[in-house]
Amino acid sequence: MWIITIHSNKNVKMFEFETEQEAKSTFEKVRGCKFLTEVIYFNDYQLAKSL
């Protein structure tokens with residue numbers, strides 16, 4: 001899961017995306033102070049296999 005967090009003067013908005021491609025294309029279009037974050041869950045089987 002990917003999260004875009006946008007900070008403005010008095011607000012914080014967060015948007016959730018399922019794919020990296022969708023999040024990155026939206027991130028490029030958004031203006032202002034913004035962060036793109038990937039959320040990784042510890043119960044993710046793909047992560048567990050790689051450890």
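The largest nonpolar core of this predicted model consists of six residues: W2, I4, I6, F17, A23 and V30. Such a core is a set of buried Ala, Val, Leu, Ile, Met, Phe, Trp, Tyr and Cys residues joined through side-chain atoms within 4.5 Å. Buried means under 20% relative accessible area, with a 1.4 Å probe and protein chains only. Strand β1, residues 2-7, gives the largest share of this core, three residues. In soluble globular proteins, nonpolar side chains tend to be buried together.

The model is predicted: local features need pLDDT of at least 70, side-chain atom pairs count only at pLDDT 80 or more, and totals for chains, interfaces and linings use all residues. Residues are numbered from 1 along each chain as its sequence is written, and side-chain values use heavy atoms, without hydrogens and water.

T5 also lies in strand β1. T5 counts as buried because its relative accessibility is 13%. The table lists contacts (heavy atoms within 4.5 Å), leaving aside neighbours within four places in sequence.

| Residue | Residues in contact |
|---|---|
| I4 | K13, M14, F15, F17, A23, T26, F27, F35 and L36 |
| T5 | V12, K13, M14, C33, K34 and F35 |

The protein has two helices and three strands, taken as DSSP runs (helices H or I, at least four residues; strands E, at least two) numbered from the N terminus. From that terminus on, the order is β-β-α-β-α. Of the 51 residues, 16% are buried. Among contacts between residues at least 6 apart in sequence, 39% join residues at least 24 apart.

Note on methods: Buried < 20%, exposed > 50% of the residue type's maximum accessible area, 1.4 Å probe, protein only.
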